[in-house]
Amino acid sequence: MEFITSISRIVLPIITAVLLIKCILTLWLGHPKEKTYGYITDMLSGERYALNMWETSIGRGAACDINVSYDSISRVQAVITRRIDGWYIYDTLSKAGNKVNGEKINKKQTIENGDIITMGKVRFRFEIADDPVIRVGKQKKKAAKKAAEAKMPAQKAPQAPTSSGTQARPVRTSPQPAATPHRAKRPDSYTVETPKTQRKNVRRITQNCLVNKDTGEIFILCGNEVKIGTGRRCDIRLTSKHAAKLHAAVVLYEDGWAIEDAGTGKTLLNGKRVTAPQLLFDGDIIALADERLYFVVKTKTVS
């Protein structure tokens, strides 16, 4: 017994020291290095901010990933995102608005290397390196576009001169309109031709909904404000014990529906805490305590 005790007094400290050294080396050598995808440079002060995440919020608020102290910039001015097919900038209902190369953006806009982004009265230069993920995404997008164009029926070419020497009549084609840089807005109603009636009006109705996939409930957003919580006066009732009586609200703005926290600090949008009104897009996930709601945009055609 004394022999075992004497050995344990020597062996146990050695094992403890080895484990401690191994933990230190693991933390030091195995710590993941932060990857930088690009930069935005303040053209007024020359300060350079790194873009280290797929989504980077920019604004005057302390909760933003990039904090800039200018009076003309809102608390949450914009969000720069990295997607599989390129980079985008989203406007977050800021008062001053955002511009890309002098043109005001509407909800979102693609950005390329060297573009000038104006936030409020401050200009930033957007800089990115060659990204293999985005390069592959763009190649797949081009390949899909070419495949779709290949499936379209080819236009019939004009006939060549006949052997008798008489030339076939040329095919008259209407002049094609010049391509515009901006995509035209799709009208609410348009006309289609059918065999029975040559003119038939078709109307598209867009419904914005919140879907609880756990319970299967669908809440159609109507009016100007939809209150969410456990209270009786809420339009959408939550069952979680951790939710507040008035937890959050979905408010209709000029640019669309936006989620607002009611002061609980427990409202998340796509995993990020909501500190200011955040514009909702199709597929966004709103986490309210223990419950999740999906923002879905449905479009149906009415004859």
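**Reading burial, contacts and patches**

Mentor: Ile15 sits in helix H1, which covers residues 2-29. Keep in mind that this is a predicted model.

Trainee: Is Ile15 buried, partly exposed or exposed?

Mentor: Buried means under 20% relative accessible area and exposed means over 50%, with partly exposed in between. Ile15 has a relative accessible area of 43%, so it is partly exposed.

Trainee: Which residues form a nonpolar patch on the surface with Ile15?

Mentor: The patch consists of Phe3, Ile4, Ile7, Ile10, Val11, Leu12, Ile14, Ile15, Val18 and Leu19. Together these residues have about 970 Å² of accessible area.

Trainee: Where is Thr41, and which residues does it contact beyond its neighbours within four places in sequence?

Mentor: Thr41 belongs to strand S1, residues 38-42. Because its relative accessible area is 10%, Thr41 counts as buried. With neighbours within four places in sequence set aside, Thr41 is in contact with Gly46, Glu47 and Arg48, and also with Arg123, Phe124, Arg125 and Glu127.

Trainee: Is Tyr294 buried or exposed?

Mentor: The relative accessibility of Tyr294 is 15%, so this residue is buried. Tyr294 is part of strand S23, residues 291-302.

Trainee: What does Tyr294 touch, leaving out residues up to four places away in sequence?

Mentor: On that count, Tyr294 touches Cys209, Leu210, Val211 and Lys213, together with Asp284 and Ile285.

Trainee: What separates the C-alpha atoms of Tyr294 and Leu269?

Mentor: Those C-alpha atoms are 9.9 Å apart, while Tyr294 and Leu269 are 25 residues apart along the chain.

Conventions: Residues are numbered from 1 along each chain as its sequence is written. This is a predicted model: local features need pLDDT of at least 70, side-chain atom pairs count only at pLDDT 80 or more; totals for chains, interfaces and linings use all residues. Side-chain values use heavy atoms; hydrogens and water are left out. Helices (H or I, at least four residues) and strands (E, at least two) are DSSP runs, numbered from the N terminus. Buried means under 20% relative accessible area, exposed over 50%, partly exposed in between (1.4 Å probe, protein chains only). Contact means heavy atoms within 4.5 Å. Patches are made of residues with over 30% relative accessible area and no salt bridge: like charges are joined within 9 Å, nonpolar side chains (Val, Leu, Ile, Met, Phe, Trp, Tyr) within 5 Å. Accessible areas come from the Shrake-Rupley method with a 1.4 Å probe; for residues, only the protein chains shown count as cover. A salt bridge is a side-chain nitrogen of Lys or Arg within 4 Å of a carboxyl oxygen of Asp or Glu.
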